[in-house]
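Biologist: I am new to this structure. Can you show me how to read it, one feature at a time?

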Amino acid sequence: MRFTYCPHCGTKLISKEIGDEGMIPFCENCNIPLWDMFTTSIIAAVVNEYNEIALLRQNYVSTANYVCVAGIMKIGESAEDTVIREVQEEIGQKVEKLEFIRSYPYEKKEMLMLGYKAAVKKQDFKLSGEVDSAEWVKYENALSLLRKGSIAWQLVRSVIEQ
């Protein structure tokens, strides 16, 4: 989100040079800089003990490619808690172990996605209403089902290469 008006007082912002940061939107009335904001979310490669990864179909995301579990962090929630909650909500799996892989800027949606490997013990899926289907896919077949170069593809490739 890029500010044009101050969210505190409604004054139209000016550009002001702030140290090494360059020109930043600034409210002269509140005397504060207003940095561009982004949404923080998680994306998880959910894996089981058989070297399989859970890939989802969410038609509101893509009808052509599979995706990984992903979701928005709530205020007061850690990234790790978000992964555990989202994996449980979307596919009904209990996370046994978490490993941070890396962060992925997603400029198109003004997001920062924090990528994790989430290890679970294989169970049948219990899908939420936002997931159309899910399946366990062997590592060697997973990348071909994801959009090449996508954040999910990059994350899954990193997990497979570990």
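Biologist: Which elements do the buried residues of H1 pack against?

Modeller: This is a predicted model. In it, the buried residues of H1 pack against E4, E5, E6, E7, E8 and strand E9 (133-138).

Biologist: Which residues of H1 are the buried ones?

Modeller: They are Ala79, Thr82, Val83, Arg85, Glu86, Val87, Glu90 and Ile91.

Biologist: How do I read the span of H1?

Modeller: Count 1.5 Å a residue. The 13 residues of H1 should then span 18 Å. The end C-alpha atoms of H1 are 18 Å apart, which agrees. After H1 comes Gly92, with a positive phi near 70°.

Biologist: Take Glu86 in helix H1. Why does Glu86 count as buried?

Modeller: Buried means under 20% relative accessible area. Glu86 has 7% relative accessibility, so Glu86 counts as buried.

Biologist: What does Glu86 touch, leaving out residues up to four places away in sequence?

Modeller: Glu86 touches Ile42, Val69, Ala70, Gly71, Ile72 and Ile91.

Biologist: Now the cores. What is the general idea?

Modeller: In soluble globular proteins, nonpolar side chains tend to be buried together. Here, the largest nonpolar core has 20 residues. Ile43, Ile53, Leu55, Leu146, Leu155, Val156 and Val159 touch the most other members.

Biologist: Which elements supply at least two residues of this core?

Modeller: E4, strand E5 (52-57), E7, helix H2 (139-142) and H3 each do. H3 gives the most, with six residues.

Biologist: What is Val159 in contact with, beyond its neighbours within four places in sequence?

Modeller: Val159 is in contact with Ala45, Val47, Ile101, Lys117 and Tyr139. There is also a second, separate core of 18 residues. Val69, Leu114, Ala118 and Trp136 are among them.

Biologist: How do the lining residues of the largest pocket divide?

Modeller: They divide into 13 nonpolar, eight polar and seven charged.

Biologist: And what is the volume of the second largest pocket?

Modeller: About 220 Å³. Its lining has seven nonpolar, no polar and four charged residues. Met1, Arg2, Asp36, Met37 and Phe38 are among the lining residues of the second largest pocket, as are Pro105, Tyr106, Glu107, Glu110, Met111 and Leu112. Strand E7 (95-106) and E8 each supply at least two residues of this lining.

Biologist: Last topic: phi. What should I expect?

Modeller: Most residues other than glycine have a negative phi. Take Glu110, a residue other than glycine: its phi is positive, near 50°. Glu110 sits in the loop between E7 and E8.

Biologist: Is Glu110 buried, partly exposed or exposed?

Modeller: Partly exposed, at 34% relative accessibility.

Biologist: What about the phi of Asn31?

Modeller: The phi of Asn31 is positive too, near 60°. Asn31 lies in the loop between strand E2 (23-27) and strand E3 (32-33).

Biologist: Why does Asn31 count as exposed?

Modeller: Exposed means over 50% relative accessible area. Asn31 has 56% relative accessibility, so Asn31 counts as exposed.

How values were computed:
Residues are numbered from 1 along each chain as its sequence is written. This is a predicted model: local features need pLDDT of at least 70, side-chain atom pairs count only at pLDDT 80 or more; totals for chains, interfaces and linings use all residues. Side-chain values use heavy atoms; hydrogens and water are left out. Ala, Val, Leu, Ile, Met, Phe, Trp, Tyr, Cys and Pro count as nonpolar, Asp, Glu, Lys and Arg as charged, and the others, Gly among them, as polar. On a 1 Å grid over the protein atoms alone, a cavity is a set of points where a 1.4 Å probe fits but cannot get out, and a pocket is an open set with protein on both sides within 12 Å along at least five of seven lines; lining residues have an atom within 4 Å of a point. Grid points are joined across faces, edges and corners, and a volume is the space filled by probe spheres set on the points. Helices (H or I, at least four residues) and strands (E, at least two) are DSSP runs, numbered from the N terminus. A nonpolar core is a set of buried Ala, Val, Leu, Ile, Met, Phe, Trp, Tyr and Cys residues joined through side-chain atoms within 4.5 Å. Buried means under 20% relative accessible area, exposed over 50%, partly exposed in between (1.4 Å probe, protein chains only). Contact means heavy atoms within 4.5 Å. The expected span of a helix is 1.5 Å times one less than its number of residues.
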